[in-house]
Amino acid sequence: MNADAAPPDLNDVLNRLNASGPRYTSFPTADRFVEAFAELEYKQALAQRRSGPTVAARPMSLYVHIPFCETLCYFCSCNKVVTSEHGHADTYLNYLSREVELHTAELGAGQSVSQLYVGGGTPTFLTDAQLGDLMSMLRRNFKMLPAGEYVIEIDPRTLDSDRLDALMLLGFKRLSIGVQDIDPAVQMAIHRIQPVEQVV
């Protein structure tokens, strides 16, 4: 690319790239949700996981979706609730705990977990106390392996060194940092303003 060339017109780029792309953030992927896989089949799959030949050899991987965001990013197509009311997360975490209990009733408590990914939305929408409640609930129901990979998505706009310390104490070993673009014009267009200095 010629360094002296003018930057492309943002509207031209948006018009050229304005097309549907494949989803890559769904867990499980959308093509796994079919009418033939109903409650009975799901319970059978959990029972097979509980007592099948791979139960000891293969620890589980968990994905926990935290759907809350304080602002809407225009590029996002994830399941989300845009709100500044952090109390909504308490209700959600109560329902999530009930869902985990339904799973462990079929699966058996204490299944080994070697990977945890907490995504969203914006998981750092949760307070440190709410994240602590989430991790305690998961540890009550699953055996989190000491050498496991425990990841949380973060919004760099919601982070400081105290928050990073809290995440480490909760057991997170890796961060997934949301940086869609560093161009201020693109950030404005996608409604995700985060200067490079803030990310650094």
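How many salt bridges does the structure hold? There are six, a salt bridge being a side-chain nitrogen of Lys or Arg within 4 Å of a carboxyl oxygen of Asp or Glu. Keep in mind that this is a predicted model, where local features need pLDDT of at least 70, side-chain atom pairs count only at pLDDT 80 or more, and totals for chains, interfaces and linings use all residues. Residues are numbered from 1 along each chain as its sequence is written, and side-chain values use heavy atoms, with hydrogens and water left out.

Take Glu-106 and Lys-43: their closest N and O atoms are 3.9 Å apart. Glu-106 sits in helix 3 and Lys-43 in helix 2, 63 residues apart (helices are DSSP runs of H or I, at least four residues, numbered from the N terminus). Both also belong to a salt-bridge network with Glu-39.

Next comes Asp-128 with Arg-163, at 2.4 Å. Asp-128 is in helix 4 and Arg-163 in helix 5, so this pair ties together parts 35 residues apart in sequence. Arg-163 is buried at 11% relative accessible area, while Asp-128 is partly exposed at 33% (buried is under 20%, exposed over 50%, partly exposed in between, with a 1.4 Å probe and protein chains only).

Now for the helix pair. Helix 3 and helix 4 pack at about 5 degrees, axes 11 Å apart, the axes being lines fitted to C-alpha atoms over the stretch in contact and the angles running from 0 to 180 degrees between N-to-C directions. They are therefore roughly parallel, a label for angles under 35 degrees.

Terms used:
Helices (H or I, at least four residues) and strands (E, at least two) are DSSP runs, numbered from the N terminus. Angles under 35 degrees count as roughly parallel, over 145 as roughly antiparallel, 65 to 115 as roughly perpendicular and the rest as oblique.
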